[in-house]
Amino acid sequence: MTETNIILEAKGITKNFPGVLANDNVNFDLRQGEIHALLGENGAGKTTLMNIIYGLYRPDSGEMRVDGKPVIIHSAKDSIALGIGMVHQHFMLIPVFTVAENIMLGDETVKRGVLDRKGVAAKVAALSHQYGLDVDSLALVGQLPVGLQQRVEIVKTLYRDAHILILDEPTAVLTPQEADDLFRIMRELAGRGVSIIFITHKLKEVLAVADRITVMRGGHVVNTVTPAETDEPRLASMMVGRQVILTVEKGASEPKEKALEVKDFKVNSQRGLETVHGISFDVRGGEILGIAGVQGNGQTELVEALTGLRAPTGGAVHFDGQEVTGSMPRAMTEIGLAHIPEDRQRHGLVLSYTVADNMVLCDYYHPPFGVRGIIQQTALDENARRLIQAYDVRTPSPYVPVSKLSGGNQQKVIVARELSRPVKLVIANQPTRGLDVGSIEYIHSVIVKMRDNGAAVLLVSAELDEIMALSDRIAVMYRGHIVAIVNVKEATREQIGLWMAGAQAASV
Amino acid sequence: MKDKFSINVVWDWLRSAWSAMFVPILAVFTAMVVGGIIIALVGGNPFDAYLGLFQGAFGSVKALSETAVWATPYIFAGLAVAVAFKGGLFNIGAEGQLALGAVFSAWIGYALPDALGFDLPAIIHIPLAVGFGMLAGAVWGAIPGALKAYMGGHEVINTIMMNYIALNMTSFLLNGAMKDPSPTNVIARTPTIAMSARIPRLFDAEVLRVHWGFILALVVAGLVWWVLWKTKLGFEIRTVGANPDAARYAGMNVEKIVVLTMAFSGMLAGLAGSVEVTALNYRHELGFSMGYGFDAIAIALLGRTHPLGIVLAAILFGGMRNGATRMQFLTQIPTDIISVIQALVLLFVAADAIIRFIYHIRTQEERVVLTRGWGG
Amino acid sequence: MELKRFGFIAAIIVVLFSVVVLIGSSQSSPLVIIGSMIATTIAVATPLTLGALSGLYCERAGVVNIGIEGMMLAAAFFGWLASIYMNSIFGWAALPSLIGGVFFAIFTGGLFALLHAVLSITFKVDQIIGGTVINILAIGVTGFLNRQMFFEKGSIFGGNVPHAPGTLPSLAKAIDSLCNGGCGGLVNSISGSVIDQKPIALLAILLVAFTHYVLFYTRWGLRTRAVGEHPRAADTVGINVQRMRYANVIIGGLMAGLGGAYFTLESVPSFEPLMTNGRGFIALAAMIFGNWTPFGAWAAALVFGASQAMQINLQIFRESIPPQLAILQISYIVGLTPYILTMLILTGIIGKTTPPAADGVPYEK
């Protein structure tokens, strides 16, 4: 890529949302045929900027040019007409439609009063083959694996003759191998003249595949550099605004007896299909077992079954020697489980309740908060004040609805609530998803502290870096099986990545 | 952090109460304006009409008494709907629960002394009659509750179906086994209930009809507030209503709570019917309960699903229904216009954005969306 | 449609028909009874079918509409009112007045649907509350105007309740008048048979097929379903979600309007307050049971229609009801069938239902 032909330019983009200045006078340009990474932590304003370019939001001020000509983009229709295509972080696909129907939606061809499904299928087949992105036009999108769904999204943009492609956090749902595959496709497309913007918060990727990197922080652009000019620590500090320690401080673990023992555990998904196929593992007090794996390989169902939100269909779970298979959430809480749920706004919090009420969500029914069926308000208030201080939850008052807190502080409320009980087992599922770096550091330190206090910690995360930084032992889940359990010192990133992709199942 | 009972706290409470009532008050006002326009369009004089309405509702001691009489079942039914709302459920079945509460209360009221062979003291008979009505309503509410909790059947259609089933049942009973056998009677109604089953009037029974049931309604409103906000059960109901997934995670038995909530709601609606029978009409007549179900929804929403607001809204609606008779007498405007006005009130309360737009009020909190589709 | 669901529908229809045939066998031949039952079933299923189609358009686009009952009631009243005006005040003949009434009914349905659309889509009011508002408004307005216009001294019609200019003619009668009596043979063979239906009933069946075509074979249908499943996805390919939803809700209102016209212009020539009697809600149940498909909803509507037809026919044959059953006041129990069936259907034991994924959720950009 040697052309300095600027194909897309955004100047002085400012966008305000109630209470948040998402984009503050942002300048951004894209050169023909380049892969330009937009790097920043959660909340930096990257997705907002791209949504403005794609036409889903209108900027409060600023202008855009495509191919040197000023343009006004009011809606996705306009950007599509200009040749801009976007693949969103959460796929914009309709599960009950076929691949062909999803691709032609909005740009349908009609033959004699009827949708021309066959014609579209043929065109899609030709297109996907041309770019090495083979997809089956007649398959139902909802039944496709995630990697293939992403391909459909990309083909969707190419079907509309996009030559500017925006990818929003494309590797969030991919294994390391699938990510490499994606980067190959990206280079291939760039070589054919497609200009690519890709949004990410992962430093390694950016250095691996980008031609240029623009770092955003707090709504404005910090700098634009090339990979040759920078390295991970420097990028990290640009992202966060201060020196960032990229590793977690962690002493050696002193594991005690087995706390959690899982044997031949089987769980069905919401739709009734077996998703966890008889797995076995154990966690000792004083150690962190990290379960690595791309989302969708059974981790969600596993955690739900261990914490009582779903009934297992087979196998046994023992905790401290007692059988707890299929116990209800309250029973698990009472034997010492702290559960930090994957979806904090759905399971972990009642958004319309105050911070104080959320702090007693799991404990309201027994003394000191509930005595003979009546809520003891004073005890509740006292508890809230104590925990807010101890865990440094940033909130104007304990009586503010928790929906008003930032993601990081909401997670702190959950952590404060869960860990303020006597805890012997911590199950943390994607505990730092969507959080800013400061909150991530805090949560990590808390998890390590629980371990050091003797609790058994089961950490489930799709972020391989997090697993490798925190775990003492690592188990890899793939398609509902545990394909490997290793000590963190014995495993390499590449090896784990291979296991995550289903290759080379080790003897477990 | 503030002290519990300082002037600041009281002032804050007054201010938040005012801002909560602001939109409903404007909604009522706007609805009456539109109603006035409709009256003018069909040739009436809106000012005379509303004057008559007001006179009939609040203009004399007798009017006030009648308004209280009308408001009583509205308070109970409005509370019923509100309790269900708080639990995330739509109870459109208040009408059926009310009807069954009335029928069964009447039955205990007139049949029990005969069946037992001796008279009962009021102190036993009244609670029995009212209690039975409450039980009937509770069961009638629990059925769709259970269907929702354990089988996923959406309570909107189920409660509406239960209404029609209840209507058929009461028609069957009042035309058949429970029909007033006295020779002068031709309509579908029960015999009058025994003297011992009657809730006494507040004042001179010949002059004012207002009864102790009204006081009971106020007390029950306070009780409902206490249960919802001060007890473990109330916390569970509200949590299931706000976020059933989080409720499950918190260890609550969501299914049981859904059934309990609907039973609680049905019980209150049944109580509405019971009190009407034992305190006012002393019998149950087919068709008297028509329309209460939808009115209850309007009252619950107008009162912002808070017991205090519901009492006020119920008095307003009761006043309007009461005053409409005088309005019709004075101006020949049919009493049905009140239904139109009440529909408009509901419209403006539900779409408070319209009111905010008309009167340029800034939006405050997030919208509450209760519908989650049919949950299929 | 899955076997279980189909089997259930077939079983119920067989049971309902058999009961009537058995009871009426002493008074009439089984074949005649069955023919009469089928004809009645198709006729009374008409408002249910149209109501279900109404719900279908709305919900496939993602908007829950429980105000179908109110829309039908209002359409029934205003269509009837319009036909009376055209007949007695404008002086038109009966048939044009009726047809004019039908159009006005359809228009009324669309108008109420517009209100529902504004509330649900623009103001993002909770859709069930919005539907309830429509129902209460319809009951209030029709009750008020009915009384004001016909029962008050000094009102426009001075206290007399006029009849609508008859009802719409059935197929046989229509052919007869078109032929001016020359098609005697054809008329006689059709008259009284199963296909001797009135226009709205026939139109309802046509609309079922038409809706199936639109929903699954046209661009409009694809976009509508997209908007109901995943509106944000539709938005990102340039589809105007709000506009699609508005359009579909209004179309749903037009369907409901036609359904309302059935009550006062095809079934009986007069208006009674609350005459829709819950059929708007039963239509919703039919839609759910039919898993949000036109033919499925139609099949369910036929089942409900059959139970109503059974009720009607049992009335005709009431002398033949054996005394044991008569004590049970069988008409009450039969009258309960649609409601109990609805509740059973909703429990899902007769088959799982999959609503559109974004049904009931207001779309925020």
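Strand β6 of chain A and strand β9 (residues 164-168) of chain A run parallel and are joined by four bridges; strands (E, at least two residues) and helices (H or I, at least four) are DSSP runs numbered from the N terminus, and two strands pair if DSSP finds at least two bridges between them. Within β9(A), A:Leu165 is the bridge partner of A:Gly85. The model is predicted, with local features requiring pLDDT of at least 70 and side-chain atom pairs counted only at pLDDT 80 or more, while totals for chains, interfaces and linings use all residues. Residues are numbered from 1 along each chain as its sequence is written, and chains are lettered from A and ligands numbered from 1 in the order in which they are written.

In chain A, six strands form an open sheet of mixed pairing, in the order β6-β9-β10-β3-β11-β12. Because β6 (84-87) and β12 (220-225) of chain A stand at the edges with a single partner strand each, one side of each lacks a neighbour in the sheet. Helix α5 (residues 146-159) of chain A lies across β6 and β9 of chain A and runs at about 170 degrees to β6(A); contact requires C-beta atoms, placed from the backbone, within 7 Å.

In chain B, the axes of helices α3 (residues 61-86) and α10 (residues 254-281) come within 7 Å and cross at roughly 170 degrees. Axes are lines fitted to C-alpha atoms, for helices over the stretch in contact, and angles run from 0 to 180 degrees between N-to-C directions. α3(B) and α10(B) are therefore roughly antiparallel (angles over 145 degrees).

Note on methods. Contact = placed C-beta atoms within 7 Å. Parallel < 35°, antiparallel > 145°, perpendicular 65-115°, else oblique.
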